[in-house]
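Have a look at the model first.

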Amino acid sequence: MTEPRLYEPAAIEPKWQQTWETANAYKTRDDLPRAQCYYVLEMFPYPSGKLHMGHVRNYSIGDAVARYKRMRGLHVLHPMGWDSFGLPAEQAAIERGAHPAKWTYENIAYMRGQLKRMGFSYDWTREFACSDPGYAAREQDIFLDLVEKGLVYRKSSLVNWSTGLNCVLANEQVVDGKCWRTGMPVIQKELPQWYLRITHYADELLDSLKSLEGQWPDAVTIQQRNWIGKSQGAEIDFAVDGHPEVKLTVFTTRPDTVFGVTFMSIAPEHRLLDSIVPASHRAAVAAFRDELKSVPANERTGDLAEKKGVFTGAYAINPVNGRKVPLYAANFVVADYGTGTVMAVPAHDTRDFAFAKKYGIEVVTVIQATDPKHPEWLKLQAGQDAYTEPGVLTASGQFDGQASEAAKAAITQWLATSGKGRAVTTFRLRDWCLSRQRYWGNPIPYAYTDKLGAVPLKKSDLPVVLPQDVVFDGKGNPLEKHATWAVTGNDGQPLTVRGQQGPEAARRETDTCDTFMESSWYFARYTCHDNTKADLGCAKPLDKSKVDHWLPVDLYIGGIEHAVLHLLYARFFQKALCDIGYSTKREPFKRLLCQGMVCMETLFREKPGEKKQYFYPDEVDVERDAKGRVIAAKAKSDGLPVSIGRVEKMSKSKRNTVDPQALIDQYGADSARLFVLSNVPPELDVVWSEDGIRGSHRYLKRLWVLVTEHAERLRATAPYAGKAGALSGADQAVVRKVHATVKRCSDSLEKDFAFNTAVAQCMELTNELKPDVLKPEVLKLGLTTLVRLLAPMAPHICEELWRELGGEGGVTAAGWPPYDPSEIDGDTVEYPVMVNGKLRGRVVLDRSLTGKALEEAALAHETVKAAIEGKSMKKLVIVPGKIINVVVG
């Protein structure tokens, strides 16, 4: 035994990172059969400045998978890039005076350094940022292909307009009707917007979810299915009293209730409303419309929003019975959702019932419950709520007595035959609004002329490059205020487009693309090589053969918060890429792993009438219980108590964060990686604990000492390669434990990437490796196996220890250790003996014993006899191969 070397991650880890980089260890080839390849990808980050613990966990999981698959003999594509367009960079320009490009690329440089310091095995030759000229230009090229395919259009729609910033805000940026940044009012404003026709793929997006079952989390496929929201129903045409030229069309999934319509709801901004409102009611309708201008559409339609309306003075005519019903402008109806009008049946719809009660509108029952004691039916009879369940039609003309489900089809057919309606399928899914009125995004390649209107640019006019000399004053879109950019071509001459009678002066579109556009195809771009080239003449946006070689991504890793928007847009975009000739693989991701969040307690003070004051962990002295939970805290600044809040997702706003760089500096990257992988299964939230990362570090130090103390004498020793049965005692037990550990680690990683289970198994094996009692070759087998099993999770220390033990080449090249199932179970089993729930000893019995013979052998063993001597045995329970339980009196 020799004196162990000091474990110094700060020296070991950079050394191996440099070794890997010099050797181009993770550079990817495209010329191997797909069956020998594996594509693992984590959702790429927005370059906000620094990594957070959520990044560390996400990328540690992906890197462990990549390394594991390489050790399994697969050639792995594991790329990294940057989702680098977006509003935060523009906000930084306003607040700090830094140009968005400078701020973004400085952040990328810093975060790239952090990722490399973590030792993640990325193929950096495929790196790109979405704001790179090459990526942006290729996206514009694809955009024009989508235009030619008929998947792009422009229409006016309501948007959240900040009166302080003079720009459009996302729903998340509107807080209590005001701008999140300025506090100024936000109004609903109608603006022309660019859309992608995602609804063209609604059926395919829904149907192909079936191919993802068992590969994607159920929670994600359910959310997507609900978001797409396919509904079978009927469109019904209602005439407007006194306006024979006007027709209001509604969609309903309950045509069986149409005889019970007692009022109609219409969007206050509906294009036909002003033409049918009598003069006596115009002021009230206009005031109601103005009131709603400051309320985003999602707040108006939310389940918790107050349902409000105003009578328009107009009446619609029910086509099935000729009844005139009042028309109300209602806040919960939005013009660009559905048809913008809704038929209201208070007796059989909860929202309509509440609205009718509020405004004194009649309630007419047309569905009668088959069970007169049904709770909902009793509530309807008592005038308390609607009855929404199936039943039998009543007060419904010739359809009386029909079961409501059957009546849906019958009434729809009657409407179609009489020219008053039709059967239709609708989707909750809406087309994707691309337009963003800001600078730091990819320009939409369109221009406008006085005669032609909106005209797509030609590919020869690409790329459209953002100007650098812009002013960021926080008001409006800087591109609109630039003196020359919008009217100047790439050749420096006035911008023109060709009309029928020659060139016409043109002005560029100043809207830029939603950043979801960039993240909807980046995974395909990684499969190609020329990411740095901006010249579109050098290549098409995508190399179809390479895209089809690598897609679908074998494993995609990211948070479940992206279940709908990003993942749905990416699925749509991949299908569109197929239809414009860039691929034949219609799903982008084969398997999806949604990792849990990294969480931590919040520490705060709260005074009446004041906002909570949050504290960073290093600003507080804490007292913890035996499980590491905070039980008391005092601020370091004043020594006064600090409240301990619930465990929540790490958040800068609540200051419950930990700087990953500080952890790397103190404990090393391997300790940080091991902690986030070993705590819980990857799909569950992990609760941050300082004790947890200390524990991971202690374990790695223990492994380091175990190997380096004995490496010199073991270096020339070959690992034991014989049968366990040829050994005895501890040696035989360790050989069997080695095979069992490899099997359990392999099973846990192959099934669901349960690295926590694998780490636990490795720790168990470590406990069994006792150098003083094991033969050198058995100890060598145990240590080399342990190092290979841990290599995907803690690669730096394992590379170093592999060399210490005399291993040739890298630990990845050594491969994943094999196991022999027949070597796992021995001829005997060691049973713990539990008496009244307490361990009283262990006995070794023949594995072949079962039933009565096993019980007799157990009771005859001296250890068991001694444990129950002088007592009356009440019960004996033996779990074969596991445990002996005795209950005595």
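What follows covers the ground rules, then the pocket, the cores and the glutamine.

This is a predicted model, where local features need pLDDT of at least 70, side-chain atom pairs count only at pLDDT 80 or more, and totals for chains, interfaces and linings use all residues. Residues are numbered from 1 along each chain as its sequence is written, and side-chain values use heavy atoms, with hydrogens and water left out.

**The second largest pocket**
- The second largest pocket has a volume of about 940 Å³ (the space filled by probe spheres set on grid points joined across faces, edges and corners).
- A pocket here is an open set of points on a 1 Å grid over the protein atoms alone, where a 1.4 Å probe fits, with protein on both sides within 12 Å along at least five of seven lines.
- Its lining (residues with an atom within 4 Å of a point) has 23 residues, with A733, I824, T828, E830 and R847 nearest the centre.
- Helix α21 gives the largest share of that lining, eight residues (helices are DSSP runs of H or I, at least four residues).

**Nonpolar cores**
- A nonpolar core is a set of buried Ala, Val, Leu, Ile, Met, Phe, Trp, Tyr and Cys residues joined through side-chain atoms within 4.5 Å.
- In the largest one, with 90 residues, M53, W688 and L769 touch the most other members.
- Another core lies apart from it, with 64 residues, including C37 and I444.

**Q114**
- Q114 sits in helix α4 (residues 100-117).
- Q114 is buried at 3% relative accessible area (buried means under 20%, with a 1.4 Å probe and protein chains only).
- Beyond neighbours within four places in sequence, Q114 contacts G49, K50, L51 and Q661 (heavy atoms within 4.5 Å).

Definitions and conventions
Helix = DSSP H or I, 4+ residues; strand = E, 2+ residues; numbered from the N terminus. Buried < 20%, exposed > 50% of the residue type's maximum accessible area, 1.4 Å probe, protein only.
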